[in-house]
Amino acid sequence: MNTTLSSSVLPQTKICCSKFSTSDHKVSGLSSYTRSRLYGPRHSSYSKFTFQASIVLSSSAANIKNGIVGGYYHCDPVGKKNQVGQTFCSVGVCPYDGTTVESPSHAVEEKVGVLLLNLGGPETLNDVQPFLFNLFADPDIIRLPRLFRFLQRPLARIISVLRAPKSKEGYAAIGGGSPLRKITDEQAHVLKMALEAKDMSANVYVGMRYWYPFTEEAVQQIKRDGITRLVVLPLYPQFSISTTGSSIRVLQHIFREDAYLSRLPVSIINYWYQREGYIKSMADLIEKELHTFAEPKEVIIFFSAHGVPVSYVEDAGDPYRDQMEECISLIMGELKARGIDNEHTLAYQSRVGPVQWLKPYTDEVLVQLGQKGVQSLLAVPVSFVSEHIETLEEIDMEYKELALESGIKSWGRVPALGVTSSFVTDLADAIIEALPSATAISPSRDISEDVSDDPVRYLVKMFFGSILAFFLLLSPKMITAFRNHLI
């Protein structure tokens, strides 16, 4: 972990003010920008909260520790289709009916922290197999029936061994490892400077879900640094159970097991795909790349999003598909406002396994577009804000080759947002807006917990699970894979 970001103790900020009312920044449903793009202009009472070097706190130190100050709380993502803006709110944190909080006349010292969450990635080829094990051991990635959840780690070991050779080829093609940690550290550094430019000092931390620096490491550093108020910002624009949801589940588990962390005021920005700064930053990159084509108006804008299994959306209530479709609508609305009215399409990439994933699939759509005579195509990796294997290898190599083979003559790709100034500035604004909402993380039950003291159920699980494991382990493909792994 970059010690300049996570270990340094920043000068403590003096926080004081006379009065604070949550009604000044409380929102409901979609942001005014979202409404204006989807439904046309309408009046909104939402006024953007601006941090002016002071944050109001309760006069009680106990209240600060218990996180009762502020008007927002974290919401569980259980909304179904057409519920975007009901289960969620404009900056991904949900309002509750807070009341005016009186503050003391004296200053209260405050140490603000920002935790950036991301996937993580293997930094060397030797890291690939253990990274894949961590990935597939996550119950939010492979959602086993409760009967078989005790097989999560054995199955993860099997799958990681089987997939490691192919994955190593992909990472070797982009230089021998993922650049995600380096890029995320750069984003953290630039974000810290953007916050300072807005008169807000904060320690910025990076926590990865499946590789170093792990979320657990970042949280322990937050505790050592004595952070008194924390904003959690997953670097995924749209919410999904498998990305933001998984990372928040880990945080909830860590925080509720620790007396200090369980009282730490935290504000979680669940998603931010509809923020004006993000939408305009994406539109800027697309507009710039369109001008590299000989005939910009003839280019098909091809949004490629990371896929998730259909069951996540239809059975578990994952809002990812709805948010992705709304995100594309907002970006195209912004482009249209600039006089850019190109055709566009959305498809989903990176599916694995035999289950059905969100459709249409990127590879199939590329072939169809080529067959229809499309000549020019601009790929837009809309799920990703950093370059990694799914942009550098899957899109830039595999999908580009497929597109050209299918008859598409001119190919382009919009870069990930990375440290684009307008994008980082908007993230800083999102953090500042979310900070007053910080409350202690609710000790809600872990979504993946399956606590049972029934010995009969346990024996049934063991019996049927052992049969499944027996057949898996004795399959010829599995035996060959492990033999090659051990040689």
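**Entry 1: strand β9**

I began with β9 and found that six of its six residues are buried, so the strand is largely enclosed by the rest of the structure. I take buried as under 20% relative accessible area, exposed as over 50% and partly exposed as in between, with a 1.4 Å probe and protein chains only. Helices (H or I, at least four residues) and strands (E, at least two) are DSSP runs numbered from the N terminus. I note that this is a predicted model, in which local features need pLDDT of at least 70 and side-chain atom pairs count only at pLDDT 80 or more, while totals for chains, interfaces and linings use all residues. Residues are numbered from 1 along each chain as its sequence is written, and side-chain values use heavy atoms, with hydrogens and water left out.

Strand β7 (residues 112-118) runs parallel to β9 and is joined to it by six bridges; strands pair if DSSP finds at least two bridges between them. Leu115 has Val232 of β9 as its bridge partner. Strand β10 (residues 265-268) also pairs with β9 in the parallel sense, over three bridges, and Val231 has Ser267 of β10 as its partner.

**Entry 2: Ser240**

I looked up Ser240 in the loop between β9 (229-234) and α8 (241-256). Ser240 counts as buried because its relative accessibility is 1%. Its side chain makes a polar contact of 3.1 Å with that of Ser242; such a contact is a pair of N or O atoms within 3.5 Å, where within protein one must be able to donate a hydrogen and the other to accept it, and residues adjacent in sequence count only if both atoms are side-chain atoms. Leaving aside residues up to four places away in sequence, Ser240 touches Gly245, Val308, Asp318 and Tyr320, contact being heavy atoms within 4.5 Å.

**Entry 3: the four-stranded sheet**

I traced an open sheet of four strands in the order β12-β11-β13-β14, with parallel pairing. Its edge strands, β12 (344-349) and β14 (410-413), each pair on one side only. Strand β11 (residues 300-306) pairs with β12 in the parallel sense over six bridges, and Ala305 stands opposite Tyr348 in β12.
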